[in-house]
Structures are given as structure tokens and as C-alpha cells.
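Work through the exercises below with the model open. Each task is followed by a solution in steps.

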2 protein chains.
Amino acid sequence: MNTTVLAADLGGTNLRMAVVSSDGGILHRVRKKTPESRSRDDIVAAIRNSASECMEAVQGTEIAAMGVAVPATMDFNGGILKNSPQLPSLNGLNLAEALKADFDFPMVTDNDATSAAVGEHWLGATSGFENSICITLGTGVGGGLIIHNEPYRGNSGTAGEIGHVCVEPGGFPCGCGSCGCVEQYASAIGIGNLFLQLKDGYCDSLLKDFERPTPLDVFEAANSSDALALEVFRMFGMYLGIALAGLINVLNPDVIVIGGGVSAAWELFIGHARSEIQKRAFREPAEHAKLVRAKLGDDAGILGVARLALLARK
Amino acid sequence: MNTTVLAADLGGTNLRMAVVSSDGGILHRVRKKTPESRSRDDIVAAIRNSASECMEAVQGTEIAAMGVAVPATMDFNGGILKNSPQLPSLNGLNLAEALKADFDFPMVTDNDATSAAVGEHWLGATSGFENSICITLGTGVGGGLIIHNEPYRGNSGTAGEIGHVCVEPGGFPCGCGSCGCVEQYASAIGIGNLFLQLKDGYCDSLLKDFERPTPLDVFEAANSSDALALEVFRMFGMYLGIALAGLINVLNPDVIVIGGGVSAAWELFIGHARSEIQKRAFREPAEHAKLVRAKLGDDAGILGVARLALLARK
């Protein structure tokens, strides 16, 4: 029987919701802006409304469960969002509790990066691999681990914070309180940081008049062979490679999958990341660790949390 | 019934062998120098002789299995030692094959750091914890992971190479081919490196006439409040802390256990490591990750591989 679930991916910018069948088919989807107020009530209402819209669109289809991927660390025992730097109003929220008056099916809430790792493992680039690392290069760097075919959450549900591995002890300060985190180099934030660090040395760059170019500006300049933009992506790749080499030495994964919006610049950074891995990781685990692009794009989180909802429902 | 196994810990310096009962009791032990020739035949013969000595000493006791902890990465499917930087003559050896004419019980071979992690989890400091990281500070830095109460080996058996996490991208060159590995800072090797880097700035140090002091020399000087020696251990702890903070962010372990000969300097470095963790790791996983000293000392590897032999025998 084909079971159907609702699955949502709540981000700092967008709230996306879909009706997902048990084979991963997306039957309907809606997309809204995350409420500008960022208030807990408005966010919960937006999830409620998106869910209702989806259910109306597939009227007659029974919804077996709902999953919501959130940009937060989770307390799994209580289903509580612990810490959401992007949406701090949600800290301490039990989303299933908040929605249970409206919907009579089971609900799971999970971290967005873990959900993306589950999605890629279910239907994407890491399918069939026992141990994988899923990295999302977006505004920051997100990470999720699959170990022995299951999401690995660690002692208190926060495992996978790959973005906050230090790659330069005295490097750029990070929002987490540390400095030199790989997130400050291999992400949209990182592109901005590296641009500012480097720009004075490149007075004939296409980007010389920008105060802080967007990642897309730098991407386009690099594709026009702009030396500054190419150097930004070289350092982006080098620092990503330093972090990946450490992960390869420690975890000896079958595969590392890289997605997220900024991974569109793949050709500009991946060679530099590979060189660094070759230099820094042990030969054998480096040869065993495939480095691949994500397959599911923006849908990784939605499909992953749909999978978790399908499993929870059984 | 109390089953009894033989367990050996083969190192670059010593070969230690013990008769171990199923409750972890050590009934007899022998210790030899690792053969100076470092040849495969001599090492296998030394293991054979130590095993025979042990069996004679407990005559009448049935030996159910034998485990050997080796300083090498392992190919578990074939039981073959893949890569041993300290004893390269063993690369490619199937130890169980090499000894099967002499002994008629099952034999397991495993990595020494993984064995130590299993030992501490069975009878030592990480007993009862589901997810732990075991770190050995000796000549270099060894590591073993326990995930969901089992040793985690990764895709090809090399997981746990914590010593080769980069903590200073342009740092001291490492024997592995990379540079800035934590092994080059938080180990006996590291104490030597840091001493050489720092000594010119401390002309009234107790160590000023040493060309390359032993770790014990530096330890004793630090305990006499020598500023150079104290700074060596501050940097040792700081770099160890950088590596541990990354592991805490990625793995969210219940506990990190630190052993090995150099961990005797615990009081001189652990505060600096803790400060760095506090600065660099996310608050929650840092609070959840206990940082403790190993309990089993030199016996962690022997007891761990005894445990693996006991499990293999069942």
C-alpha cells in the first residue's frame, strides 16, 4: 500500500511543505516565506496553514504522519527544539504538541541537516552506502552523519556540526563563539570573508568596486577567469578539504555528499578540496571515500523528513 | 563458565602477552622487547613463543581463543594487516594464517587503538557509555571510536585516526605527509616540536642546554614552574583542545577518555584543552562530553583485544 505523509522544511527564508508518497513521489507542494515576525506563533500558524493547503490539494488521500525539518538541534526524548540560531523564538518548542489539536496523525521533528542526510541516503547520492557524511554548503555549512545506515545523532542529538570544525585556529570569528570554523570559509559567509581578506591585492579585479559581492557575483567573476574570484574559490576549496581530510581520517566514510546552494560552484572549488584531501588524509580512507554532489537539491530535507515520518508511522 | 583467552599487545617497543579470563582477570603475563630486526618472521616467532610461555604457565587451563592488538590498520574481511608505519614488515600479513599451524583456537587481530577503546569500554573509564572516543597520547596520538557500544571501524577499517586531524594548516610537518596534525603537538613528538619552536625565547629556562629533552625532562621542568616547559604544555593542551572541540561538534560523544604514557602530564595540559573546548565547541555537546583519564593504563589494549577474542569465540 502506498502510504502518504506531509513533510516540511522550515528554513530561515522559506517554509516548504509537500505531500510525499512512500516511494518518495511528491504529490503536491507549497512554498511560503518564513514569517517575517519570526515569532513562534506565526511560524506554527504558517506550518499549520501550509499543511492544511496541502491536505486540501490531495483531498481524499489519507495522511499517515507528518515530518518537519527544522534549523535547530533537537532533544529527541521530548521532541523539543533546543537551539535554533536562525529562529530563536522556537527554542524550547515541542512542535508536535503545538500542532496536535489540529492534526490527528503522528508527527516527527528533526534537524534539517540530518533530514537532508536521510533524504540523500534514501533516494539520492548516498543510497546503498552504509556510512556517509552529508554536507550542505549554504549561508553556512551544515552536516549530517549516516552510520550503519541510520542517522547518527550522538549523545544529546547535536552530532554532525561539521561547519564548526576549526580549520584555522586564529581565523575569521564565527557566530558560534569560536574562530576559524570551516563555515567561515566554505559557504556564502565564507565567500564574503575571503573576498574582504583578499580584495586589496587584486586592484584590476572585476569585483574591485563591490563592497561585499553576493556569492553569485563572485561565481560569475570566477567563470570570467577573474583572479580574485578564482582565489576566493581556491581558498574555499582548500579549507573545505582540510575539514574533509580530518573527517576522512576519523570516520573513514564510504561517501561524502555535498549539496546546498553554494555547491553550484562545484567546479571552482572541488579540485582544490580534493588536492587538500590527497595531501592531508591517509591514502587508503581517502581512496575509499567517494566525494559526490547531492542529487536531491532543495528536496533533500523534505524527502528525508518524509522518510523519518514514514518510519515513525510504522 | 569462566572462559580463558590469550591476548597480546604488539608495539614498536614491546610485545606484551597475557592470559585473560572472561571477567577481565589477568592470570599470567609476559613481556618481551619487540625483536630488533623488525622482521616479519622474528615478530611472528616472538608472538608464538610468548603464547607458548603463557600457556605453559597456566597448564591445564583451556585457551578458547587468542587476540592480538597491532599497530596497524586492518582489512577485516581478510584479517590482514594493511599498513603499519612502526612495523612495516607486517604489511600484508595475515597473522591468524601465520600462526594457525601452532595453535588450534580461533584468533582475532585488531588495531591497537581500537583495542584500547574496547578495553576502556569493557572494564575502564567509558564502561556504560554508548558513544565514546578513546585517545592515546604516546609517541604519537592514537584514537579509537565506540559508537552504539561497538567499535566503529568505518568503510575499510581505518576509522579513528584522530592524531591526523589538522589543527594548524601550515604547522609542523607530519610523518603522514600532511602538516599541522594534532599528533605533532599533543604527544611525545609534539613536546619535542614545541620545545624547539619555543626555546629561543626562554634563555633562563631549566631546559636551555638541552638539544632535544625527553617528555619526562619537560614534565619535570614544568613541575618546577619552568616557563618554557609550562608554555610547551599550554600549547599541547590548546591544540589537543582544538581537535577535541571539532570531535565534540561532529560526534557529540558521551565521553572522551585520554590515556597513553604522555597523559601522565594531565594536570599540565588538561585545563588548557578544556578552555579551548569551551571556546570552540557548541555549549551543549561540550557540556555532555565528559573528559576523563583512562583507567586501564598499559592494559587497555590487551584487555580490549581479549574482549574481542572472547566475543569471536562465542
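Angles under 35 degrees count as roughly parallel, over 145 as roughly antiparallel, 65 to 115 as roughly perpendicular and the rest as oblique. This is a predicted model, in which local features need pLDDT of at least 70, side-chain atom pairs count only at pLDDT 80 or more, and totals for chains, interfaces and linings use all residues. Residues are numbered from 1 along each chain as its sequence is written, while chains are lettered from A and ligands numbered from 1 in the order in which they are written.

**Exercise 1.** Describe how α3(B) and α9(B) pack.

Step 1. Helices (H or I, at least four residues) and strands (E, at least two) are DSSP runs, numbered from the N terminus. Here α3 of chain B covers residues 112–123 and α9 of chain B covers residues 300–313.

Step 2. Axes are lines fitted to C-alpha atoms, for helices over the stretch in contact, and angles run from 0 to 180 degrees between N-to-C directions. The angle for this pair is about 80 degrees, and the axes are 6 Å apart. α3(B) and α9(B) are therefore roughly perpendicular to each other.

Step 3. Residues are in contact if their C-beta atoms, placed from the backbone, lie within 7 Å. On α3(B) the contact residues include B:Trp122 and B:Leu123; on α9(B) they include B:Leu303 and B:Arg307. Sorted by class, this contact has nine nonpolar, four polar and three charged residues. (Ala, Val, Leu, Ile, Met, Phe, Trp, Tyr, Cys and Pro count as nonpolar, Asp, Glu, Lys and Arg as charged, and the others, Gly among them, as polar.)

**Exercise 2.** Which elements of chain A give two or more residues to the side that touches chain B?

Step 1. The contact joins 37 residues of chain A to 37 residues of chain B.

Step 2. The elements are β6 (80–83), α6 (227–251), α7 (266–280) and α8 (283–288) of chain A. Of these, α6(A) gives the most, with six residues.

Step 3. By class, the chain A side has 15 nonpolar, 15 polar and seven charged residues.

**Exercise 3.** What rotation and shift superpose chain A on chain B?

Step 1. Copies are superposed by least squares on the C-alpha atoms of residues with pLDDT of at least 70 in both.

Step 2. The rotation is 180 degrees, with 0.0 Å of shift along its axis and an RMSD of 0.0 Å. That is the relation of a two-fold axis.

Step 3. The copies meet through the same surface, because 100% of the interface residues of chain A are also interface residues in chain B.

Notes. Contact = placed C-beta atoms within 7 Å.
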